[in-house]
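Work through the exercises below with the structure in view. Each task is followed by its solution in steps.

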Amino acid sequence: MKQIYTGKTKDVFALDNGNYLLKFKDDCTGEDGIFDPGSNNVGLTIEGVGKANLQMSVHFFEVLKAAGIKTHFVKADLDAVTMEVLSAKPFGKGLEVICRRRAVGSFIRRYGDYIENGTPLDYYVETTFKDDEKGDPLVTKDGLIALNVMSDEQYESLKAQTKQITKIIAEDIAKFGCELYDIKFEFGYTKDGVILIDEIASGNMRVYKDGQYVNPLDLADIILG
């Protein structure tokens, strides 16, 4: 097993069988010791958060598997806080895909002159390049194609899967009396096509309960019991 990448919240290892192993950490993004899932910096360490993120990911990957959605998930070892995944190539140097069910956060900061905070959106999909220094810039479908990051067919597959997966996750979260406002994914591609990769942790989604924002750590407690 060879370590090939050191991330802010996960390390990645190459396995002899051709798959990869994700090792979840207790490091969290934030500033000055305050947890912030939207931050690009590691700001603190919370004991057990790595395992909680893994458990959340396993929960949602199993929900997607039951719905017939193919992802990179193979299996997890909760004691070792690791997840084995299929090999998949990322798009470009990393691409984030956001699906929005309500207008909040950066969407309102950009388009607040045209829409009120909290307005329902019809599974609005947007893509951003993973680039901390440039603030994860938005990129359109035409831009992705012009930059040879992906083909038209790959984009349409990514978009369709994003909407389908978001709907499944939103329905599952609703069982716990919560509403999914938006969620962030990463996709990669194999010889078989575009698939969902990385994690599906509470820090990658914005969820509300009874009109109040649910902290990612509290959300994990709600869903995992």
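**Exercise 1.** Find which residues touch the most other members of the largest nonpolar core, then list the contacts of isoleucine 200.

Solution. The model is a predicted one. Its largest nonpolar core holds 46 residues. Ile169, Ile173, Phe187, Ile200 and Met205 are the members that touch the most others. Next, take isoleucine 200: leaving aside residues up to four places away in sequence, its contacts are Met56, Ser57, Phe60, Phe61, Leu64, Ile169, Ile183 and Met205.

**Exercise 2.** Give the strand order of the open sheet with 5 strands, and state what lies across E7.

Solution. Start with the order, which is E1-E2-E3-E8-E7, with antiparallel pairing. The edges are strand E1 (2-6) and strand E7 (73-77), each of which pairs on one side only. On average, neighbouring strands of this sheet are turned by 25° against each other, direction ignored. E7 is joined to strand E8 (residues 82-85) by 4 bridges in the antiparallel sense, and phenylalanine 73 stands opposite valine 85 in E8. Finally, helix H1 (residues 49-66) lies across strand E3 (20-24), E7 and E8, and runs at about 145° to E7.

**Exercise 3.** Decide whether cysteine 99 is in a disulfide or in none, and whether it is buried or exposed.

Solution. A disulfide needs two cysteine sulfur atoms within 2.5 Å. By this rule the count is 0 disulfides. For cysteine 99, the nearest cysteine sulfur belongs to cysteine 178 and is 18 Å away, and cysteine 99 is in no disulfide. Cysteine 99 counts as buried because its relative accessibility is 0%. Cysteine 178 is likewise counted as buried, because its relative accessibility is 5%.

Notes: Residues numbered from 1 in each chain as written. Predicted model: local features only at pLDDT ≥ 70, side-chain atom pairs only at ≥ 80, totals over all residues. Heavy atoms only, no water. Core = buried A, V, L, I, M, F, W, Y, C linked by side-chain atoms within 4.5 Å. Buried < 20%, exposed > 50% of the residue type's maximum accessible area, 1.4 Å probe, protein only. Contact = heavy atoms within 4.5 Å. Pairing = 2+ DSSP bridges. Helix = DSSP H or I, 4+ residues; strand = E, 2+ residues; numbered from the N terminus. Axes fitted to C-alpha atoms, helices over the stretch in contact; angles between N-to-C directions.
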